[in-house]
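Trainee: I'd like to go through the charged contacts in this one. Can we take them pair by pair?

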Amino acid sequence: EDGTVKLGKKTLVKGERSFFLQPGERLENGIQNVHVLDGEEALLLRAKENFSDGDSNRKPGDKWMIKGPCDYIPPIEVEILEKRRVIPLDENEGIYIRDLNTGKVR
């Protein structure tokens, strides 16, 4: 922004933009696409660093899900663990779900 290199600082650049990498800078994972989720998809996310996500504060290791439909660009402090789809169940079907924190099955 001001032309000075800040060692170890990551920056997220969104949208259609043209810019030059400053000496000592590099693209971490190249140019990445926006994650477009439909109504039957969700992203499982994990915080890599402390950050504020709207009304909630996330700590490193916290996991949560973003449900579609939406377009999602993960902040620098977030990693995407996996993309999930809804599990359709018929009237006579069921599944067991284990809570990873407590170990309880519901």
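Predicted model: local features only at pLDDT ≥ 70, side-chain atom pairs only at ≥ 80, totals over all residues.

Trainee: Then is Arg85 buried, partly exposed or exposed?

Mentor: Buried would need under 20%, and exposed would need over 50%. Arg85 comes out at 48% relative accessibility, so the class is partly exposed.

Trainee: How far apart are the closest N and O atoms of Glu40 and Arg85?

Mentor: These two form a salt bridge. Glu40 sits in the loop between β1 (35-37) and β2 (41-47), while Arg85 belongs to strand β7 (residues 78-85), so the pair links parts of the chain 45 residues apart. Their closest N and O atoms are separated by 3.4 Å.

Trainee: And which strand holds the Glu41 that pairs with Arg85?

Mentor: Glu41 makes a salt bridge to Arg85 with closest N and O atoms 3.0 Å apart. The two lie 44 residues apart, with Arg85 in strand β7 and Glu41 in strand β2.

Trainee: Is Glu41 buried or exposed?

Mentor: The cut-off for buried is under 20% relative accessible area. Glu41 has 14%, so the call is buried.

Trainee: What is the relative accessible area of Glu82, the partner of Arg84?

Mentor: Arg84 and Glu82 form a salt bridge, with 3.4 Å between the closest N and O atoms. Arg84 is partly exposed at 34%. Glu82 is partly exposed too, and its relative accessible area is 37%.

Trainee: Which residues are joined into one network by shared partners?

Mentor: Searching the whole structure turns up 8 salt bridges. Those that share partners connect Asp38, Glu40, Glu41, Lys83 and Arg85.

Notes:
Residues numbered from 1 in each chain as written. Heavy atoms only, no water. Salt bridge = Lys/Arg side-chain N within 4 Å of Asp/Glu carboxyl O. Helix = DSSP H or I, 4+ residues; strand = E, 2+ residues; numbered from the N terminus. Buried < 20%, exposed > 50% of the residue type's maximum accessible area, 1.4 Å probe, protein only.
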